[in-house]
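Please look over the following model before reading the notes on its charged and nonpolar side chains.

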Amino acid sequence: MSQDNHTEFTINDYQRMAATYARYPRVGRGDITYPVLLLCEEAGEAAGKLAKLWRDKDYAKKMSLVDYSDEEKLAIVKELGDVFWATCMVALEAGFDAEEVLRINLEKLEDRRLRNAIGGSGDTR
């Protein structure tokens with residue numbers, strides 16, 4: 001699929017298509033070990049891209065992605081895509097479709113907003 005392909009698809013469509021690329025031990029057997037570890041790795045790679053730009057390009061003085069080049073932004077977005085792929089695989093192995101995970105997350109956020117508990121810490125705040 002190229003960047004020029006603007007075919008519409010849902011998040012669940014993405015999850016199904018992305019799963020065809022899954023190549024890890026016990027894929028499809030409900031074992032979330034590898035995809036969770038990969039999720040951590042990919043999130044670290046995304047953070048690493050930002051850290052190196054911050055360190056090497058003096059972006060510590062810049063507070064917005066507007067200051068980043070298109071190439072630098074694309075490198076970060078590609079890592080975010082890997083984070084999303086791994087997240088979808090964790091959800092799939094756990095028996096959830098991606099849209100359900102996102103819906104549950106929005107419900108949690110709305111509950112926190114209604115209780116004025118967006119800030120702070122803790123899973124059950």
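## Basis

This is a predicted model, in which local features need pLDDT of at least 70 and side-chain atom pairs count only at pLDDT 80 or more, while totals for chains, interfaces and linings use all residues. Residues are numbered from 1 along each chain as its sequence is written, and side-chain values use heavy atoms, without hydrogens and water.

## Glu93

Glu93 belongs to helix α3, residues 70-93 (helices are DSSP runs of H or I, at least four residues, numbered from the N terminus). Glu93 is buried and has no salt bridge; Arg26, the nearest side chain of opposite charge, is 8.0 Å away. Buried means under 20% relative accessible area, exposed over 50%, and partly exposed in between, with a 1.4 Å probe and protein chains only. Lys and Arg count as positive, Asp and Glu as negative; His and the chain ends are not counted.

The Glu93 side chain reaches the backbone nitrogen of Gly30 at 2.7 Å.

## Salt bridges

The structure holds 7 salt bridges (a side-chain nitrogen of Lys or Arg within 4 Å of a carboxyl oxygen of Asp or Glu). One of them joins Arg26 and Asp31 at 3.0 Å, N to O. Arg26 is partly exposed at 44% relative accessibility, and Asp31 is partly exposed at 22%.

Arg103 and Glu107 pair at 2.8 Å, N to O. These two residues are 4 residues apart in helix α4 (residues 98-114), so about one helical turn separates them. Glu100, Arg103 and Glu107 are linked in a network of salt bridges.

## Nonpolar patch

Ile11, Phe84 and Leu102 form a nonpolar surface patch with about 210 Å² of accessible area together. Patches are made of residues with over 30% relative accessible area and no salt bridge, with like charges joined within 9 Å and nonpolar side chains (Val, Leu, Ile, Met, Phe, Trp, Tyr) within 5 Å. Accessible areas come from the Shrake-Rupley method with a 1.4 Å probe; for residues, only the protein chains shown count as cover. Phe84 lies in helix α3.

Notes: Polar contact = N/O pair within 3.5 Å; in protein donor to acceptor, adjacent residues only side chain to side chain.
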